[in-house]
Amino acid sequence: MKKFFTLISFLIFLIFTMKYNSVGATTMEFKNINLKNGAKIKYLYRCNIPIVYISVLISASPLDETKPSQAYLTAHMLTHGTKNRSARQIEDEIDFLAISIEKKVTYDFTILTLAATKRHLREATDLFFDILQNPTFPEEEFTKEVSILKKSIKQMEEDPSYIALKEFLKTLYGDHPYGRPIEGLSETVEKLKREDLEEFYHTYYKPNNMIFSIVGDINEKELKEIKEKFLDNWEGKALDRKITPPEFTLRNKPIEIKIRRDDLTQSTIVIGFEGISRKNPDFYAFTVMNYILGGGGLTSRLAKSIREEKGLAYSIYSTFTSYLFPGAFYIEVKTKAENTKKVVKLITEEIEKIYKQEVTEEELREAKSFLIGSLPLRVDTLKKISEFIPLLDFYELGDDYFTKYKNYIDKIDSKEILNIAEKFLTKNYILVIIGPE
Amino acid sequence: MKKVAIIFLFLLLFPLMSYCEIFEDRLKNGLKIIIVEDHSSPVATFQVWYKAGSIDEPEGKSGISHLLEHLMFRGSKRFPNNVFSKIIQSHGGVDNAFTTKDYTVYFQKIAPSNLSICMDLESDRMANLLLKKEDFELEKKIVLEERRQRYEDDPESLILEEVIGIAFKSHPYRRPVIGWTEDIESITFEDVKNYYKQFYCPNNAFIIVGGDIKKEEILKKIKEKFEKIPSCENKIENKILYETKQYGERRIILKRQTYLPMLVMAYKVPAYPNKDSIALEILSSILGEGKSSRLYRKLVNEKSLAVDVGTSNSPLSRDGFLFFVIISIKDKEKIHDVEKLVKEEIERLKTELPSEMEIEKAKNQVEASFLFSQDSVFGYSLILGKFEILDNWKLINQYREDINTLTIQDIQNAAKKYLKEENLTVGVLLPK
């Protein structure tokens, strides 16, 4: 690959418009259905391919955990046994029907996505709602999963990028859930009991805590059948989440953490600061600033300075994570160990430049053109649409968000970018280096 | 009866597998154009495929295709100074490229109204790449960093590179796409210039444009931009590819800092259109794809010896490649037990016919993967391109027919013919 894919922040957090002014313009006109039990459904009919996606976003994440790994393992154990099916039966059905049920846990929510061919939709929905509504978390399966998870975490802990980010977040957030890996920690995973999952499930997996999206070749009659069969009579209510924001500690000087790994040829460097929350009005200025500094692939300042002009790295990027509470902003790069100091210096120079001088008109224009123009690419498949539209409700962006996005970006000027950079990038940084001596 | 059942099922499934219209044309200079009209989403993709991968590289110059791929972004006559990505991104698009053992692809994803920009850029770098010495030196440094990141500091990729390296003795597939460090260092500026001249010509390439487009309009524009580019003077000759006979199992043991040991078993297998390659696809599904597969059940569920199991086969290759079984093992003391169990499962495939349920499952998976691949016009175009590299994208229809006529006996015969010691290379990654 020519480019290590660095447009990460867009892939994860950018919010998209579907109003699209070009050949074959389309709009995404989904329907909203609010059920009595509090569940919401966002429905979009698209019949060009006989496939269907059903996603469900559940407001349950590490923010709600009483023990690490609780949210992650609860989601992952849903397919390990229900009142009607054993774990093996579930696996058999998933593979035989060639469907997939993906489970993603983020720092703010859990999202499950079913993908099925139209031909197998009925069997697929039966299974999907069974794992969602009737999981049993069998002891034997739980023990096996914990053992596999522990080994997997240990393996991930050999990966320098994983270690660097883990150390960075731990230093930034301390004991707050945003400060630990979503899957948990190898040293604590065995303290979890199956009852912890059961409790987590029964507290949070309730219809009023769920936003569904149903997208694809499924007509209104079929939608109605699903709604009546699985959702209308589903009872239960989750209580309001009791989640607490992180408390950042003021740093009087930069924090530098070095972890020695003599088996490596490169240093992995992560350097960063506190970021912003998704609901912060500065989100858009931050988006543009990040694009110019390091989020814009090979065209960003960091990529130009460190990779394109000096050949010091293959991958370098900046990204920011925006959650219900402030996320993080960081830069990651890998470079031959002997170049470590040089690269850190170049990064800090670029950080300084962006908070001291306004970005150029050309940079601003190009960043905005990309951010606005590339929106349709972010929702160019049914799967992306299915996983995206529940976020409109979750982050309270509104269904008209699609049409507003252009204005949100368009109005940003270079002064706002300078202000944002001054506000967030002038603090003392946290630097983590993993590599040989 | 079993054969009849399978064919019947597939006739039900496959008549309507393509949900967009596909057209083709060829320009006077030999450049083939494939157009995929898909109006489901207001986006488009432009892809230029060159039949130039590591399989084509001269001895001692492994990595030259990939290095040239990097240099293709540095500038051309009309668009000098590293502006390709800048131009695409400032029009709301994304661009990238990748090199494989068989080909190199340059692509953009962009609004359909901006496709002519892709044509401007791609036609200019096909005809007039500006190769500069200073860019060449910089990209070599970048590629060496890429190699450190992706292989030298990543034991799981390194063991795969090592296995492929010894599975083939004479065939160019033994060379890694990124190249060996010493080879990358030894590539000269002249080597890259010659390689570009030899392989980057319209008669050794094809274009796939897909998305919310109109074929006449697109074809007219492509002709304007690309038809003037001259064909290569010397017709590219197809290399005679061969692999010398293997007399017994080969083995590599790699000790690196890692936590989970890994077992890699790689059998040499044929490529499509050899029908056995499709039988091996079904075998891969039965053995190791999904949690209901035989190896996952045995090693992860029943014996608790492994953390994960996977199998893969690459039928869409220019020549026969490898059928992989890859297992992350819990305990290094149990590696031999795991290997023995895998071999027992493979022997069982040779002596017992797979169940009808397993065959139907495998075929459901093939159907689903065809359908889901069409959710993205970019992804679907990539699949068509892989068939075109073999000969013609229309082979995708023959591929479906070949699956239709596959019998359970064909599947067992393929296991007997290919999954044997004389085709096997084993790699073991151990914690240091």
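How many residues of domain 1 of chain B are in contact with domain 2 of chain B, and how many residues of domain 2 take part? Keep in mind as we go that this is a predicted model. The count is 42 residues of domain 1 of chain B touching 40 residues of domain 2 of chain B. Domain 1 of chain B covers 18-226, and domain 2 of chain B covers 250-431. Their C-alpha centres lie 28 Å apart.

Let's stay with that boundary inside chain B for a bit. Putting domain 1 of chain B and domain 2 of chain B together buries about 3,700 Å², and carbon and sulfur atoms give 71% of that area.

Which elements of domain 1 of chain B give two or more residues to the side that touches domain 2 of chain B? They are the strands β1 (21-26), β2 (32-37), β3 (44-50), β5 (104-110) and β6 (205-211), together with helix α6 (155-167), of chain B. The largest share of this side comes from α6(B), with 10 residues. Sorted by class, the side of domain 1 of chain B that touches domain 2 of chain B has 23 nonpolar, 7 polar and 12 charged residues.

Now zoom out to the two chains. The size of an interface is often given as the accessible area lost when the parts come together. For chain A and chain B that buried area is about 6,500 Å², with 54% from carbon and sulfur atoms. Here 73 residues of chain A are in contact with 68 residues of chain B. The interface of chain A and chain B holds 6 salt bridges. A:D92 forms a salt bridge with B:R297, with the closest N and O atoms 3.2 Å apart. Between chain A and chain B, 37 residue pairs are in polar contact, both residues being at pLDDT 80 or more. On the side of chain A that touches chain B, helix α5 (residues 139-156) of chain A gives the most, with 7 residues. That side of chain A splits into 26 nonpolar, 22 polar and 25 charged residues.

A few loops are worth a look as well. A:F137 is in the loop between α4 (121-133) and α5 of chain A. Its phi is near 50 degrees, a positive value in a residue other than glycine. Is A:F137 buried or exposed? A:F137 counts as buried because its relative accessibility is 0%.

B:S304 also has a phi near 50 degrees, and B:S304 is not a glycine. You'll find B:S304 in the loop between α11 (294-302) and β9 (306-312) of chain B. B:S304 has a relative accessible area of 29%, so it is partly exposed.

Another backbone feature to check in chain B is the cis peptide bond joining B:Y272 and B:P273, with omega about 15 degrees. B:P273 is in the loop between β8 (262-268) and α10 (276-288) of chain B.

Back in chain A, A:I276 lies in the loop between β8 (266-274) and α9 (283-295). With 2% relative accessibility, A:I276 counts as buried. Leaving out residues up to four places away in sequence, A:I276 touches residues including A:F283, A:F286, A:Y323, A:F325 and A:F424.

Definitions and conventions. Residues are numbered from 1 along each chain as its sequence is written. Chains are lettered from A and ligands numbered from 1 in the order in which they are written. This is a predicted model: local features need pLDDT of at least 70, side-chain atom pairs count only at pLDDT 80 or more; totals for chains, interfaces and linings use all residues. Side-chain values use heavy atoms; hydrogens and water are left out. Contact means heavy atoms within 4.5 Å. Buried area is the accessible area (1.4 Å probe) that two parts lose on being put together, summed over both. A salt bridge is a side-chain nitrogen of Lys or Arg within 4 Å of a carboxyl oxygen of Asp or Glu. A polar contact is a pair of N or O atoms within 3.5 Å; within protein, one must be able to donate a hydrogen and the other to accept it, and residues adjacent in sequence count only if both atoms are side-chain atoms. Helices (H or I, at least four residues) and strands (E, at least two) are DSSP runs, numbered from the N terminus. Ala, Val, Leu, Ile, Met, Phe, Trp, Tyr, Cys and Pro count as nonpolar, Asp, Glu, Lys and Arg as charged, and the others, Gly among them, as polar. Buried means under 20% relative accessible area, exposed over 50%, partly exposed in between (1.4 Å probe, protein chains only). Domain bounds come from an automatic or database domain assignment.
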